[in-house]
Each structure stands twice: as C-alpha cells, then as structure tokens.
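Please review the model below before reading on. The report covers a helix, a metal site, a ligand and some single residues.

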Amino acid sequence: MEKIKIAIQKSGRLSEKSLDLLTECGINVSNGNRKLKTDAHNFPMEILFLRDDDIPQYVEQGVADIGILGQNEVWEKEKDVVEIEKLGFGNCRLSLAIPKDEIYTGLDYFNGKRIATSYPKILKKFFREKGRDVKIEELGGSVEIATGIGLADAIFDIVSTGSTLIMNGLKEAEAIIKSQAVLIGNKNLSTAKTELLERLLFRIKAYKNGQGKKYVLLNAPNEIIPDIVRLLPGMRSPSILPLADKGWSSVHSVIHDDDFWEIIDELKRLGAEGILVVPIEKMIL
Ligand code: ATP
Ligand code: ZN
C-alpha cells in the first residue's frame with residue numbers, strides 16, 4: 001500500500017508540536033533514537049526528520065509529499081509548493097529591530113541602512129514594495145548580534161516575545177508579517193496520496209475545531225431555557241433534554257475559551273445549576 005511521506009523538523013521549535021499534532025490525529029510515531037525516517041504504526045505514513053530550511057525543496061521535488069514548517073520558511077524559500085492548512089502553532093512575526101537608543105522615524109529610517117537577516121528574499125520584497133533602498137546582509141543565524149558587532153545597523157528577524165531583542169540591546173521598530181506553522185504539499189500528488197492527505201486533513205481539522213472550545217452541560221428550570229439558549233448558540237443550537245425532575249431541563253452546548261467566564265457568570269446569574277465544563281478533544285463539523 002502506498003504511504004504518504006511527511007517531512008517534519010528534526011529538532012527545533014516545531015519538532016515536538018508537529019509530532020503532537022500527528023498524535024492528536026491518531027497517528028503513532030516512535031522516534032526514540034532520532035532516525036532520519038520512520039514509519040507510523042497505524043497509518044500509511046512515513047515521517048522524514050529534516051532541517052526546516054530543507055523541507056520546501058524536498059516537498060517541491062517530491063522526496064516528501066507534504067511537510068510541516070513555519071510560513072516564514074515557505075515564503076523565503078519560494079519553492080513551488082502549496083500551502084494546505086494553517087496549523088495554529090509556531091506563531092511568531094518577522095520584524096525589523098534597531099538599537100534601543102535610536103529614535104525610530106518610520107520606514108524612512110531604514111533608507112541606506114545595512115540590515116542583517118536570514119530572510120533576505122522576504123525583506124528585499126518588502127522594501128521593494130515600499131520603495132526604499134536598503135543594504136541586506138544575509139546571515140545563517142545569530143542575526144540578533146549583528147548590530148552589536150557592527151555588522152549591520154538593524155536586523156530583520158523572527159520575534160515572538162521580544163525578549164531576545166531586549167537581551168541584545170534592540171527594540172522592535174516594525175512588525176512586517178505574521179507567521180505560523182503550516183502544512184504544505186507537493187503539487188502533483190498521486191490519487192492514492194491525495195486520499196491519504198484528505199484523511200489526515202480531516203483529522204487535523206477535527207482537532208483544530210476542538211481547540212479553544214469547551215463543552216458545557218448544565219441544568220436549569222424550563223422557564224429560563226430561552227435565555228440560556230440565547231447565551232449558548234452552540235454548533236447548530238444547544239441540545240435540551242428533559243430531566244426526571246419535572247420542570248427542569250439539561251442543556252448541552254459548546255462555548256469558546258475567549259468568552260468562557262463571561263458566559264459562566266451570566267449562566268449562574270440566570271439561575272443555571274450544576275454547570276459542568278469538559279474539554280473537547282475533537283470536533284467534526
Ligand atoms: P533547523 O535546525 O531545523 O534549521 P531553525 O534553527 O531554523 O531549525 P527553530 O529556531 O527551531 O529553527 O524555529 C523553527 C520555526 O519555529 C521558525 O522558522 C518559526 O516559524 C517558528 N518560531 C516560532 N517562534 C519562534 C521564535 N521565537 N524564534 C524562532 N522561531 C520561532
Ligand atoms: Zn532552519
């Protein structure tokens with residue numbers, strides 16, 4: 001039987017989360033001794049462990065069929081691959097940063113300046129579009145020290161919390177673009193592999209849909225049910241089940257983490273009782 005080959009980062013910020021995602025999709029991978037590749041136990045899938053920088057090229061060439069990596073690397077490599085699905089982890093932004101004592105005056109500040117980065121293509125494109133002329137110093141890594149050692153006037157790099165910038169005497173001047181981990185794919189997958197990809201995608205979406213949501217069950221006297229239904233729209237609409245205790249019903253629904261506490265407060269105020277909140281593992285819409 002044909003297997004789908006997925007490339008994930010060998011070791012780095014996305015490695016564990018990529019494996020976790022496969023686990024959430026019911027795909028078991030053991031890679032105790034960090035081999036180059038391994039087979040999943042219960043899904044026709046082969047997992048290749050690679051440097052994230054190489055994943056776009058391998059997927060373009062079909063060495064891997066699909067891959068998980070940051071959008072930043074996908075954009076920078078400009079390979080002929082398709083972005084299939086955003087995965088909701090590995091969130092960061094690509095930002096321009098300057099020495100902290102500098103006064104930032106807007107994009108004109110960068111005119112004629114030397115900017116160190118590992119993302120020369122993204123940066124070049126940005127300044128071309130903005131009509132500013134900058135000198136780009138391409139570095140493989142440790143971009144954050146470039147201003148300190150006098151190699152550049154500014155840097156363009158990945159930022160998540162900003163603590164690395166502060167540690168290196170820098171401040172964020174301009175956030176250019178946001179990035180997260182994505183699933184990419186080869187453009188010419190066989191029918192069999194496309195079907196495997198569809199199966200995987202179905203599971204990824206079910207997992208993603210459950211993220212950031214909770215399942216709520218509560219009991220309430222029938223007269224306040226309409227008010228509760230207004231608060232809890234749920235997926236389609238909440239389920240209402242009569243309780244053995246006459247005049248009471250049980251309501252089941254899904255709520256978002258974002259407005260979780262406000263809704264709970266409101267439910268209590270309305271007179272709901274026995275509110276039970278449970279995590280959602282998967283949600284098939
Ligand atoms: P590799 O050895 O595979 O080339 P790397 O050093 O290029 O690894 P990591 O530092 O592990 O890469 O980061 C992998 C990806 O994680 C980044 O390309 C980016 O998409 C994402 N990421 C999220 N937050 C951060 C952050 N604070 N710093 C760096 N990368 C981050
Ligand atoms: Zn890398």
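Which residues of helix α1 (residues 15-24) are buried? They are Ser15, Ser18, Leu21 and Leu22. Buried means under 20% relative accessible area, exposed over 50%, and partly exposed in between, with a 1.4 Å probe and protein chains only. Helices (H or I, at least four residues) and strands (E, at least two) are DSSP runs, numbered from the N terminus.

This is a predicted model: local features need pLDDT of at least 70, side-chain atom pairs count only at pLDDT 80 or more, and totals for chains, interfaces and linings use all residues. Residues are numbered from 1 along each chain as its sequence is written, chains are lettered from A and ligands numbered from 1 in the order in which they are written, and side-chain values use heavy atoms, with hydrogens and water left out.

**Helix α1**

Ser15, Ser18, Leu21 and Leu22 are the buried residues of α1. They cover an arc of only 130° around the axis, so they sit on the same side of α1. The arc is that of the directions from the helix axis to the C-beta atoms. The cover over these buried residues includes β1 (4-9), β3 (45-50), β4 (66-70) and α6 (191-210). Just after α1, Gly26 has a positive phi of about 75°.

**Zinc site**

Which protein residues donate to the zinc ion (ligand 2)? Asp52 (OD) and Asp53 (OD) do, at 1.9 to 2.0 Å from the ion. Donors are N, O and S atoms within 2.8 Å of the metal (3.2 Å for Na, K and Ca); water is not among the atoms, so sites may look incomplete. The four donor atoms subtend angles of 77 to 171°, and therefore the arrangement is irregular. Four donors count as tetrahedral if all angles lie between 85 and 135 degrees; four count as square planar and six as octahedral if opposite donors are over 155 degrees apart and all others between 65 and 115; anything else is irregular. Asp52 is buried at 16% relative accessible area. Asp53 is partly exposed at 23%.

**Ligand 1**

There are 14 residues around ligand 1, and Arg51, Asp52, Asp53, Asn72 and Ser160 come nearest. A residue is near a molecule or strand if one of its heavy atoms lies within 4 Å of it. The table lists polar contacts, that is, pairs of N or O atoms within 3.5 Å; within protein, one must be able to donate a hydrogen and the other to accept it, and residues adjacent in sequence count only if both atoms are side-chain atoms.

| Side chain | Distance to an oxygen atom of ligand 1 |
|---|---|
| Gln9 | 2.9 Å |
| Arg51 | 2.8 Å |
| Asp52 | 2.8 Å |

**Buried charged residues**

Lys193 belongs to helix α6. Its relative accessible area is 11%, so Lys193 is buried. Lys193 touches Glu2, Lys3, Ile4, Lys5 and Asp65, leaving aside residues up to four places away in sequence. Contact means heavy atoms within 4.5 Å. Glu46 lies in strand β3. Glu46 is buried too, at 15%. Among its contacts are Lys3, Ile4, Lys37 and Asp39.

**Loops**

Most residues other than glycine have a negative phi. Glu78 has a positive phi of about 50°. Glu78 lies in the loop between α3 (71-77) and β5 (82-86), and is exposed at 51%. Ser142 has a positive phi near 45°. Its loop runs between β8 and β9 (154-159). Ser142 is partly exposed at 46%.
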